[in-house]
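Hello,

Please find the structure below, handed over for your use. My notes on what was found follow it.

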Amino acid sequence: MWYFNSPLIVFGEEALCELSRIEGKRAFIVTDANIARLGYVEMVGQQLRTAGLEYQVFAEVEPDPSLQTVRRGAELMRQYGPDWIIGLGGGSCMDAAKAMWVLYEHPEVAPEGINPVEPLKLRQKARLITIPTTSGTGAEVTWAIVLTDTQEQRKLSLGSRENMADIAIVDPVFVAALPPQITADTGMDALTHAVEGYTTAWHNDFCDGLCLMATKLIFHYLPRAVADGKDKEAREKMHNAACIAGLGFGNALAAMAHAMGHSLGAVFHMPHGRAVGLVLPYTIEFTGELMAERYADIARFVGFSVASPQEGARLLANEIRNLAKSIKQPLSLQEAGIAAQAFEAALPKLVENAESDATLVASARIPDSAELQRLYRYTFAGKPIDF
Amino acid sequence: MYKFGSEEWVKALQEAINASEAYAEAAKTWEGDFYFIVEPGGPIEKEMVMYMDLWHGKCREAAVYEDRAAKTPAFVISAPLSVWRRVIEKNLDPIQGMMTRQMKIQGDMVKIMKAVKAAKELVECTTKVPTEFPE
């Protein structure tokens, strides 16, 4: 027994116009200062005004949103009393919106206590719309929430199925001006979702096709979107691919690359997509034997020639490294600019965080502490996994 | 063979847990005791109450009680026999079981979600106990 959750997805050019047709009184937009500066809040506001809704903006979400930010936003939400909440931005803004929504409806819940087991009974006061402005996180169609506990220096993988947005608006207009570095980072995030969604221990028939298609689109269009941001086709395909990958992994769970990547992000403040994308080939090699057929499936579907399932994982890991290199992503922690001394000092914390990350549970092969330490050492040095 | 839910079964599980290096490693920071409840239904006429005190990778105490009055554990996990059987036979991931509410849990969910690997290793230990399920 399992579930497949999805919002209503409105995609393609002019998808934003869907907002002008919603019914309600007040919307609360959760976003960040940069999105506001780019004029995207105004674009959303215009549609809301057409629909006859008032709105208030909370533009204080930071990258890797903290528990404190979520509590502050929820308090403002309670004062304003919206019937629609709009998460506008990258994963941080959409995840913050999801968590604020829970606290708005249930002030008694602590953000770190949002879990997939206990019913939340949301939608008593408001519903959620997500509008991504990057092509990566897929947070518009997942119920997962990643928040950062700044005191404990760790990311918290939270969420309840009820957190799923009611409507996701996937309009490429919001990624038309995305800088190459962010395009590359977030694209690697989407690729990690697609690959992990297909190879997690919780993979399922409903997600497989989504994950394969997303992987193919990303291999094909990510280099183009990074090389030429004005390539409209590549932009739109990447925006769709990220959303499709989000649906795929969101209903099958992410795995070890996320556990290790979350830890890297919390300790070294590395952008999420860069962190998980960097770790991905290493985790493919580590889990390769147990998921050999599935890695071979992916490689074949993308168009690589795979002689036997045994070589699927290695081949896919290498092709992901080639893709990353072509879009100027680091292939090791060293290349990412982490000094050896800082790495060694942080290693116990990196391992501790990864071990307690909820996404680790769905990994096809779960490493112990010693293996995690080795995995991080190999990732630091850029050495393919051989154990 | 041990009858599932009997005093002997619980003691055998305690031994399996205390012999498991993988569990000791995965649960090295875990502190918290449990009731594992088998809900009435089918061959189970009366609720079965198993108690385990899990502490820093070891099982300090394991027992079967007549009812829930004996202890006030930090966590209570309850499910019908068929669900426990699927977990023990590794046909159902316990975390998936909780997420689909086939298994009900009372206690600090934040703590549970940080200990998913320990939960997996605990299930692994149950597979080491030759078990006869009531039919």
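**Contact between the chains**

The contact is made by 15 residues from chain B and 17 residues from chain A. On the side of chain B that touches chain A, the elements giving two or more residues are α4 (94–99), α5 (109–113) and α6 (116–126) of chain B. Of these, α4(B) gives the most, with 4 residues. By type, the residues on that side of chain B divide into 8 nonpolar, 3 polar and 4 charged.

Please keep in mind that this is a predicted model. For the complex, the predictor gives an ipTM of 0.80 and a pTM of 0.92. Chain B has a mean pLDDT of 93, and 100% of its residues reach 70 or more.

**Chain B: the sheet and its helices**

Chain B has an open sheet of 5 strands, in the order β4-β3-β2-β5-β6, with mixed pairing. Its edge strands are β4 (58–65) and β6 (104–106) of chain B, each of which pairs on one side only. From one strand to the next, the twist averages 15 degrees.

Within this sheet, strand β3 (residues 48–55) of chain B pairs with β4(B) in the antiparallel sense, over 7 bridges. Leu54(B) has Cys59(B) in β4(B) as its bridge partner.

Helix α1 (residues 7–18) of chain B packs on the sheet and touches β3 and β4 of chain B. The direction of α1(B) makes about 175 degrees with that of β4(B). Helix α3 (residues 81–88) of chain B also packs on the sheet, where it touches β2 (31–39) and β5 (75–80) of chain B. For α3(B), the angle to the direction of β5(B) is about 105 degrees.

Strand β2 (residues 26–30) of chain A is mostly covered, with 4 of its 5 residues buried. β2(A) runs parallel to strand β3 (residues 54–58) of chain A, and 5 bridges join them. Here Val30(A) has Phe58(A) in β3(A) as its bridge partner. β2(A) also pairs with strand β4 (residues 84–89) of chain A, in the parallel sense and over 4 bridges. In that pairing, the bridge partner of Phe28(A) is Ile85(A) of β4(A).

Helix α7 (residues 232–250) of chain A has 19 residues. From its first C-alpha to its last, α7(A) reaches 27 Å, close to the 27 Å expected at 1.5 Å a residue. Because 17 of the 19 residues of α7(A) are buried, this helix is largely enclosed by the rest of the structure.

Regards

Conventions. Residues numbered from 1 in each chain as written. Chains lettered and ligands numbered in written order. Predicted model: local features only at pLDDT ≥ 70, side-chain atom pairs only at ≥ 80, totals over all residues. Pairing = 2+ DSSP bridges. Axes fitted to C-alpha atoms, helices over the stretch in contact; angles between N-to-C directions. Contact = placed C-beta atoms within 7 Å. Expected span 1.5 Å × (residues − 1). Buried ≥ 20, exposed ≤ 12 C-beta atoms within 10 Å, placed from the backbone. Nonpolar A, V, L, I, M, F, W, Y, C, P; charged D, E, K, R; others polar. pLDDT = per-residue confidence, 0-100.
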